[in-house]
Amino acid sequence: MRAAARARRIARACGAISTALSLTVLAGWWFDVPAMRRLVPGQTPMVVLTALASFTLGTALLLAARREGATASRRAGRSLAGVAAAIALGGGLQYALPGSFRLDDWAQRLVFAPLAPGSGMALATAVGLVGAASGLILQDARSRRLRRLGTAAALLAFVVAAVGSLGYAYGLGAFHQGGPFSRMALVTALTLGTLSFGVLLSRPNRPWVTTALGGGEAGVLTRHMLPAAVVAPLVLGLLQLHAVRAGLLEAETGTALLVIVLALWLAALTTRLARNVERRAVADRQLRDTLQGMNETLEQRVEERTRELAEAQDALVQAQKMEAIGQLTGGVAHDFNNLLTIIRSSIDFLRRPNLPAERRTRYMDAVSDTVERAAKLTAQLLAFARRQALKPEVFDAGERLAGVAAMLDTLTGARIRIVTERPEGPCFVRADASQFETALVNLAVNARDAMAGEGTLTITLSCNRQKPAIRGHAASANHFVVVAVTDTGSGIAPDQLGRIFEPFFTTKEIGKGTGLGLSQVIGFAKQSGGDVDVASVLGRGTSFTLYLPQADAHDGAARDAAEPEGAPVEDANQCILVVEDNVEIGRFCMQILHDLGYGTVLTQTAEAALAEIEAVPFRFDAVFSDVVMPGMGGIELAKRLRELHPEMPVILTSGYSHVLAQDEAHGFELVRKPYSAEQIGKVLRAAIKRMPKVRAAPSEA
């Protein structure tokens, strides 16, 4: 930018000088002052047409050398340059077209008098003016070739002016008295040289302009070397010519001396340039060594700092982990101790002799309800950890939402208005239906508490939506079913948004929330392949958006199983093979099955169960197996039985299994621990009815 500003200043100065010289010559012709026509005593005057073209081109240069934003001024400058080129072409037509009309003579008569014989615009002058004007016109052309052509034309004009000036300086008639230079005046050569130099600098984005006028080391070196490389040979040549003409030296001797001096001069310049290059190389080497040392020091410091930050981060993560574990274990211990207190107190009361039947029933109901609450608490923890065994199915989320919304009226109270918005068509989703309803209930309960029992709860269902990036997790272009639950409550503070999904974290008062509701929601969503987003404005409400993968209506269509050949055994005694590695749980399970009217056989390993089945085929009507056991697990046992005895029902049971959490139940029935006699009986009856044991079909005689 500094070089560009400097180039424009020089170009404007050249334009001002040329304009002033041209105006002086025109005034000399108008007022008949010979000294003003020549400017240099004893030299040929500049003709009127040349002065008029130089004045026009100088004015154009003044306008074109403005800054880049002056569009109108630069356009006017190019227009005036075109006028100057036309004037110069008119003056040069006399050399190309024969005839009596001469534009330079007509202009001379208009101002002063007819041209003297042998005078007028020189051919070299016309060429130089056209070249300078062309350079000014083409300097802003869109085509790079045109811009380069303009630069070449301006450079040609500068060479023409330089040759004419040197002809006068060296007294060489061939350069100012003969050929195309026969009519060029000294003042014309000086004016043309000034104009062409200004045109070359008027477009400062040329590389050589930036190098010569820049503020860097290259610019300084160029400005120091150019005078020595250009001016010195010209001065030495002038001295040699004058010495030869004065008889002080012979021509051969003068030429030899000039060559020797120029050679020494060039050697000195080369040596100085080499010294500058060496000095720069030494400085660069020192700078490189310094930078390398600084880089090594910086790398060492960065490595140390990175190690310190990594250690600090590990310590912070460990502290946060311990805090989370402490919060989790504290919450679990608190809730389970409360539940165990109820169970233990009820058992102590049940052990009392002569306990009335009413109180005995009440204590037994308390134990049963407490077990249900403990199972629900465990399920919520597994949901947060995404370790629960889901039962995914394809269902219409709109129908489930309508059913939950009807129930929420009694749950939220009369002062909360519930608004549901759902599309006209079905929105099929593949997830655990009961967990889906539980998630909606948990979100509604949180909204009710946030609104203090009064406000508007809006539940919006939409399909074919994409999941955005949530809490740093990548977005997904797949189709999702979206359920948005929005309340008009108090909102959530920004510093608490990052912790609301943590288990046992709650902003409610003591006794008004377990802190596991949102944990269940996000665990269910994540394990189902979705996510939960939250947006809240303090004092205006909160919106939870649940994303679940959308499914096709036919994905979950049940397929009718082929009926086995033969007649089912209806009246035979039914026997269940129980596979349980925990002896106490196995005994309790056998007692439950005995009470339900089933015969039982207990084995503690899957291998023993396979041996029992193979020993007496068609002995067992169903297999009731635990999932987690030493050796072969329950799922592997069920798969083996599906291959060996596809007609035998297999029911799995587990309190927790990472295999079930990852791969569901692999198509087998699942009973979650703790289970009741009613649950076992219901599942067994359905499984045996669906896959009854059969006799072989009688063969046809």
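**Aromatic pairs and beyond**

A: Start with Phe158, which is partly exposed, with a relative accessible area of 32%. Keep in mind that this is a predicted model.

Q: Which residue does Phe158 form an aromatic pair with?
A: Phe197. The pair is tilted, with 6.2 Å centre to centre and 40° between the planes.

Q: Where do Phe158 and Phe197 lie?
A: Phe158 is in helix 7 (residues 144-170), and Phe197 is in helix 8. The pair therefore ties together parts that are 39 residues apart in sequence.

Q: And Phe197, is that buried or partly exposed?
A: Phe197 counts as partly exposed, at 32% relative accessibility.

Q: How many aromatic pairs does the structure hold?
A: Four aromatic pairs. One of them is tilted, the Phe158 and Phe197 pair. Another aromatic pair, Phe624 and Tyr675, is edge-to-face: 5.8 Å centre to centre, with 85° between the planes.

Q: What parts does the pair of Phe624 and Tyr675 tie together?
A: Phe624 lies in strand 10, and Tyr675 lies in the loop between strand 12 (669-672) and helix 20 (677-690). So the pair ties together parts that are 51 residues apart in sequence.

Q: Phe624: buried or exposed?
A: Phe624 counts as buried, at 2% relative accessibility. Tyr675 counts as buried too, at 17%.

Q: Let's stay on strand 10. Where does Ser625 sit?
A: Ser625 is found in strand 10. Ser625 is buried, with a relative accessible area of 1%.

Q: What does Ser625 touch?
A: Leaving out residues up to four places away in sequence, Ser625 touches Val579, Gly634, Leu637, Ile651, Leu652 and Thr653.

Q: Is Asp626 buried or exposed?
A: Asp626 is buried, with a relative accessible area of 6%.

Q: Which residues does Asp626 touch?
A: Not counting residues up to four places away in sequence, Asp626 touches Val579, Glu580, Asp581, Gly634, Thr653, Ser654 and Lys673.

Q: New topic. How many disulfides does a search of the whole structure find?
A: One disulfide. The disulfide joins Cys427 to Cys463, with 1.4 Å from S to S.

Q: What does the pair of Cys427 and Cys463 tie together?
A: Cys427 lies in the loop between strand 2 (416-421) and strand 3 (428-432), and Cys463 lies in strand 4 (residues 455-467). The pair therefore ties together parts that are 36 residues apart in sequence.

Q: Buried or exposed, Cys427 and Cys463?
A: Cys427 is buried, and so is Cys463.

Q: What about Cys14 and Cys589?
A: Cys14 counts as buried at 8% relative accessibility. Cys589 is buried as well, with a relative accessible area of 2%.

Q: Now helices. How many residues of helix 15 are buried?
A: Eleven of its eleven residues, so helix 15 (residues 517-527) is mostly covered. The buried residues include Leu518, Val521, Ile522 and Phe524.

Q: What comes just after helix 15?
A: Gly529, which takes a positive phi of about 95°.

Q: And helix 14, how many residues?
A: Helix 14 (residues 433-450) has 18 residues. From its first C-alpha to its last, helix 14 reaches 26 Å, close to the 26 Å expected at 1.5 Å a residue.

Q: Which residues in helix 14 are buried?
A: Among them are Phe436, Leu440, Val441, Leu443 and Val445. Helix 14 is followed by Ala452, whose phi is positive, near 55°.

Q: Back to helix 8. Where does Leu201 come in?
A: Leu201 lies in helix 8 (residues 186-201). Leu201 is buried, with a relative accessible area of 3%. The C-alpha atoms of Leu201 and Arg6 are separated by 9.2 Å, though the two are 195 residues apart along the chain.

Q: Last one. Which residue lies over the face of Phe112?
A: Arg37, at 4.5 Å from the ring centre. The charged end of Arg400 sits over the ring of Phe395, 5.3 Å from its centre.

Conventions. Residues are numbered from 1 along each chain as its sequence is written. This is a predicted model: local features need pLDDT of at least 70, side-chain atom pairs count only at pLDDT 80 or more; totals for chains, interfaces and linings use all residues. Side-chain values use heavy atoms; hydrogens and water are left out. A disulfide is a pair of cysteine sulfur atoms within 2.5 Å. Helices (H or I, at least four residues) and strands (E, at least two) are DSSP runs, numbered from the N terminus. Buried means under 20% relative accessible area, exposed over 50%, partly exposed in between (1.4 Å probe, protein chains only). Contact means heavy atoms within 4.5 Å. The expected span of a helix is 1.5 Å times one less than its number of residues. Rings of Phe, Tyr and Trp (its six-membered ring) pair if their centres lie within 6.5 Å; planes under 30 degrees apart count as stacked, over 60 as edge-to-face and the rest as tilted. A charge sits over a ring if NZ of Lys or CZ of Arg is within 6 Å of the ring centre and within 35 degrees of the ring normal.
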